[in-house]
Amino acid sequence: MHTHKFDEMLILVVIIVLDLALGTFPFGSNFSNVGGFTSGFLLGFVILTRRQHHWLNLNKSNTSQKQESYQYVLQIISFVLLSVGLVGGGVLFFKGVDLNDYCSWCHYITCAPPSCKPSYISCEDYQIGNKLNVTCLNNGRSGVFSLSNRNPDEQAEELCYRLCGK
C-alpha cells in the first residue's frame, strides 16, 4: 500500500517528537499526547488487524480474508488493555486521584526540567538587610539566604522551590 515506507515512518516519528516537545510548554500536557498515542495504537490492533487487500484486487475473487491466530490474540489483548485503561482512567479521574502523588517522576512528562516548578508551592519570605528569610508553607522548612545582585523576588521564588521540593 505504501511505496515510501521509510519516509512515512520518519514523518510519523518527527510528528511524535514535535508533539511531545510542544507538550512540555506551559499549559500543555503530554499526558494527553501519551494517552492518545497509546489508545490509538491499541485501537489500531483492535480495528485494523484484518487484511485490507480486497479493495486493491476488486476483480480477483480469491483474495484471502482469513485472520491469523496471532491477530486474534493481539486483538483480544489490545481490547482488554484499552478497556481497562479507559475505564480505570475514567474512574481515577472522577474520583479526583492525583497520580503524581504515586509517581515521583511523572511530572517530567508534562514539563521540561528547567521549567518544572509546581504551581501548588507557596512560601512566605521577608528581607532584613541583605538577608532573605524564606519559609515553605507546604512543609515548614525555612532558611536564611544572602542576597546577590539579582532581583530579590526571583531569588525568593527560586529558594522557595528549592525548600519546598521533594
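Q: In β3, which residue is the bridge partner of Val134?
A: This model is predicted. β2 and β3 pair in the antiparallel sense, over five bridges. Across from Val134, the partner in β3 is Gly143.

Q: In β2, which residue is the bridge partner of Asp125?
A: Start with the strands. For Asp125, the partner in β2 is Val134.

Q: Why is one side of β1 and of β3 left without a neighbour in the sheet?
A: Strands of a sheet pair through backbone hydrogen bonds, either parallel or antiparallel. Here three strands form an open sheet, in the order β1-β2-β3. β1 (123-128) and β3 (142-146) each have a single partner strand, so one side of each has no neighbour: they stand at the edges.

Q: By how many degrees are neighbouring strands of this sheet turned against each other on average?
A: The sheet is open and its pairing is antiparallel. Direction is ignored for this angle. On average, neighbouring strands are turned by 20°.

Q: Which residue in the turn between β1 and β2 has a positive phi?
A: β1 and β2 form a hairpin. Two residues sit between the strands. The phi in question is about 65°, and it belongs to Gly129.

Q: What is the positive phi of Gly140, in the turn between β2 and β3?
A: β2 and β3 also make a hairpin, with five residues between them. Gly140 is in that turn. Its phi is about 85°.

Q: In what order do the elements of the protein chain run from the N terminus on?
A: Begin with the count. The protein chain has five helices and three strands. Read from the N terminus, the order is α-α-α-α-β-β-β-α.

Q: At what angle do helix α2 and helix α3 pack?
A: α2 covers residues 30-47, and α3 covers residues 69-95. α2 passes α3 in a left-handed crossing. The axes are 8 Å apart, and the angle is about 145°.

Q: How many residues of the contact of α2 with α3 are nonpolar, polar and charged?
A: From α2, the contact takes Ser39, Leu42, Leu43, Phe45 and Val46. From α3, the residues include Leu74, Gln75, Ser78 and Phe79. The contact divides into nine nonpolar, three polar and no charged.

Q: Is Asp19 buried, partly exposed or exposed?
A: Asp19 is found in helix α1, residues 5-22. Its relative accessible area is 38%. Buried means under 20% and exposed means over 50%. The value of 38% therefore makes Asp19 partly exposed.

Q: How far apart are the C-alpha atoms of Asp19 and Asn30?
A: Asp19 touches Asn30 and Asn33, leaving out residues up to four places away in sequence. Along the chain, Asp19 and Asn30 are eleven residues apart. Their C-alpha atoms are separated by 8.0 Å.

Q: What share of the residues in the protein chain is buried?
A: The protein chain has 166 residues. It exposes about 12,900 Å², and carbon and sulfur atoms supply 64% of that area. Buried residues make up 17%.

Technical notes: Residues numbered from 1 in each chain as written. Predicted model: local features only at pLDDT ≥ 70, side-chain atom pairs only at ≥ 80, totals over all residues. Heavy atoms only, no water. Pairing = 2+ DSSP bridges. Helix = DSSP H or I, 4+ residues; strand = E, 2+ residues; numbered from the N terminus. Axes fitted to C-alpha atoms, helices over the stretch in contact; angles between N-to-C directions. Buried < 20%, exposed > 50% of the residue type's maximum accessible area, 1.4 Å probe, protein only. Areas by Shrake-Rupley, 256 points an atom, 1.4 Å probe, with all protein chains shown as cover. Left-handed = near helix turned anticlockwise from the far one by under 90°. Contact = heavy atoms within 4.5 Å. Nonpolar A, V, L, I, M, F, W, Y, C, P; charged D, E, K, R; others polar.
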